[in-house]
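Me: I would like to go through this structure with you. Could we start with a helix and then turn to the aromatic rings?

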Amino acid sequence: MEPKVISRTLSKAVKSGQWSYGNQSYFCQKQGSGNNWANGFCIHGPQHEEAVMDLVRKEVEQCERLGGFIPIMSLAGGTGSGLGTYVTQCLRDTYPNSFILNQLTWPYGTGEVIVQDYNAVLTLSHLYQSSDALLIHENDTVHKICSQLMNIKRISFTDINKVIAHQLGSVLQPACTRWSISEYGTNPLGDLLESLVTHPEYKLLSLMNTPLMSDKSLQFSTFTWPALVKNLRQMLISNAKMEAGS
């Protein structure tokens, strides 16, 4: 599925000179899911389960220590929502003791796909049974961050993906353990879920981070930890995804 998207991703990775995917580390087919959740979950999922899970197994065998999985999915279309949900269930069945954190990109409120609401509801209802946590990024919120904080005039999907990647990267860095400030945890994903998912039914997570500004503005700014923590606390109290006054 999605051969154009995967081909573009592979070529960008090679051109960056910082990262590249193996020739046998991806799976795609010419046919898509037609924005149909059932098509991805009930047809493409079972049809390609063996091939996809074989790819996962090869990657897992190269790990010295498997911390968990982070499926990254879009909820608007049929492949990301339907097939992504099926793969997540397969991961849970095959690796029952591993952590699974699903990153979900919530569609624009104005509508990208006419059936996006149905795709989103079906995905959430199934993932709640198989995933350990669901981290949601709303396209509308990320779009506002690009426009109001990053000062981007013509916002592209690349800009939106860059913000989401930056937020994920900042959260998944190794953190000091609660027993010692001089020791880092060996499993960032496990440490994160242990702290945030305190009950099996409390799985919906949101992400806030600061500062968020353009690279040009960032180089002329200075920050202190107390000020950053204060901003984050204010955002948490007001349930704001962006800094106050933005």
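Reply: Helix H9 (residues 225-238) has 14 residues and spans 20 Å from its first C-alpha to its last, close to the 20 Å expected at 1.5 Å a residue. Please note that this is a predicted model.

Me: Which residue follows H9, and what is its phi?

Reply: Asparagine 239 follows H9, and its phi is positive, near 55 degrees.

Me: Now the rings. How many aromatic pairs are there?

Reply: The count comes to three aromatic pairs. In one of them, tryptophan 37 and phenylalanine 41 have ring centres 4.6 Å apart and planes at 15 degrees; planes under 30 degrees apart count as stacked, so this pair is stacked.

Me: Where do those two residues sit in the chain, and are they buried or exposed?

Reply: Tryptophan 37 and phenylalanine 41 are in helix H2 (residues 37-61); because they are four residues apart there, about one helical turn separates them. Both tryptophan 37 and phenylalanine 41 are buried.

Me: What about phenylalanine 41 and tyrosine 86?

Reply: Phenylalanine 41 and tyrosine 86 form an edge-to-face pair, with 5.5 Å centre to centre and 80 degrees between the planes. This pair links distant parts of the chain, since phenylalanine 41 is in helix H2 and tyrosine 86 is in helix H3 (residues 78-94), 45 residues apart. Tyrosine 86 is buried, as is phenylalanine 41.

Me: Which residues form the aromatic cluster?

Reply: Trp37, Phe41 and Tyr86 form one aromatic cluster.

Me: Changing topic, what lies over the face of tyrosine 128?

Reply: Lysine 203 lies over that face of tyrosine 128, at 5.5 Å from the ring centre.

Notes
Residues are numbered from 1 along each chain as its sequence is written. This is a predicted model: local features need pLDDT of at least 70, side-chain atom pairs count only at pLDDT 80 or more; totals for chains, interfaces and linings use all residues. Side-chain values use heavy atoms; hydrogens and water are left out. Rings of Phe, Tyr and Trp (its six-membered ring) pair if their centres lie within 6.5 Å; planes under 30 degrees apart count as stacked, over 60 as edge-to-face and the rest as tilted. Buried means under 20% relative accessible area, exposed over 50%, partly exposed in between (1.4 Å probe, protein chains only). A charge sits over a ring if NZ of Lys or CZ of Arg is within 6 Å of the ring centre and within 35 degrees of the ring normal. The expected span of a helix is 1.5 Å times one less than its number of residues.
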